[in-house]
Amino acid sequence: MTHVPNTRNHHRPALLQDQLQITFGQRYADAGVQLHVLQSLMDHKSANTTSSYYQVSKKMKRAAVDTLRVHATDRHGSSAPRASAAAYEVRSVAVPWGNCVEPSNVKAGGKACPIRFQCSGCSSYRPDPSHLPAIEDHVRSLKANLELARAMSTADYTIRGLEGEIADYQNVISKMKAKLESMSDEERHEIQEASKVLRRLRAGAASGPVALPMPVVRPTEEIRQ
């Protein structure tokens, strides 16, 4: 007679272990333990793995916003700090490469940009260090578009527009990085950790919430069956 293993029971210990790790990760994250510390505690090779074991709480989000709001800049890369965490969250809206404070766009949830998201040329553009990777990616994309536009013998005003966008974004990147370099290791690390929190929230907003199951602790006897 062929033996058919009880697959459901066979996988229960692994499932329980995963659920316990989720509980562990969430509790420590809620307590304010920084990602790199939690990564070490959970013995993960990648911080991305660690961050998948917890959700960003309102407390974590507010702390991250409070850290980064004072490092916001304008389109020229000049300091333009937000007065409070509430101002950062309520009076601005996330756009692809930063935050926007243009009232009609804020009211529309970031979907009514009057200049079609050419943020680097807008006086309402308010990026902060958490946006650096997105801005750098966008610059690479713009450079590729510029080369294609030149190859297509596109109108001069289109070429100049792309060149201007690239130059302005690069100026923001340069000034933001210079400011980060001038900081102490402790302050720079705090900004990096806060940036990870906000970038994770933005990624979740773009792809939908990540469902994390609640742990179900069963009696040991049942697990061994």
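**A helix pair**

Mentor: Helix H8 (residues 132-151) packs against helix H9 (residues 156-181) at an angle of about 155 degrees, and their axes are 10 Å apart. Axes are lines fitted to C-alpha atoms, for helices over the stretch in contact, and angles run from 0 to 180 degrees between N-to-C directions. Helices (H or I, at least four residues) and strands (E, at least two) are DSSP runs, numbered from the N terminus. The angle makes H8 roughly antiparallel to H9 (over 145 degrees counts as roughly antiparallel). H8 passes H9 in a left-handed crossing: the near helix is turned anticlockwise from the far one by less than a right angle.

A word on the source. This is a predicted model, where local features need pLDDT of at least 70, side-chain atom pairs count only at pLDDT 80 or more, and totals for chains, interfaces and linings use all residues. Residues are numbered from 1 along each chain as its sequence is written, and side-chain values use heavy atoms, leaving out hydrogens and water.

Now the contact (heavy atoms within 4.5 Å). On the H8 side, the residues include Leu132, Ile135, Val139 and Leu142. H9 brings, among them, Ile159, Glu165, Ile166 and Tyr169. The residues of this contact divide into 14 nonpolar, 3 polar and 6 charged. Ala, Val, Leu, Ile, Met, Phe, Trp, Tyr, Cys and Pro count as nonpolar, Asp, Glu, Lys and Arg as charged, and the others, Gly among them, as polar.

Glu165 and Tyr169 also touch serine 120. Serine 120 sits in the loop between helix H7 (103-107) and strand S3 (125-126). Serine 120 is buried, with a relative accessible area of 3% (buried means under 20%, with a 1.4 Å probe, protein chains only).

Definitions and conventions
Parallel < 35°, antiparallel > 145°, perpendicular 65-115°, else oblique. Buried < 20%, exposed > 50% of the residue type's maximum accessible area, 1.4 Å probe, protein only. Lists of a residue's contacts leave out its neighbours within four places in sequence.
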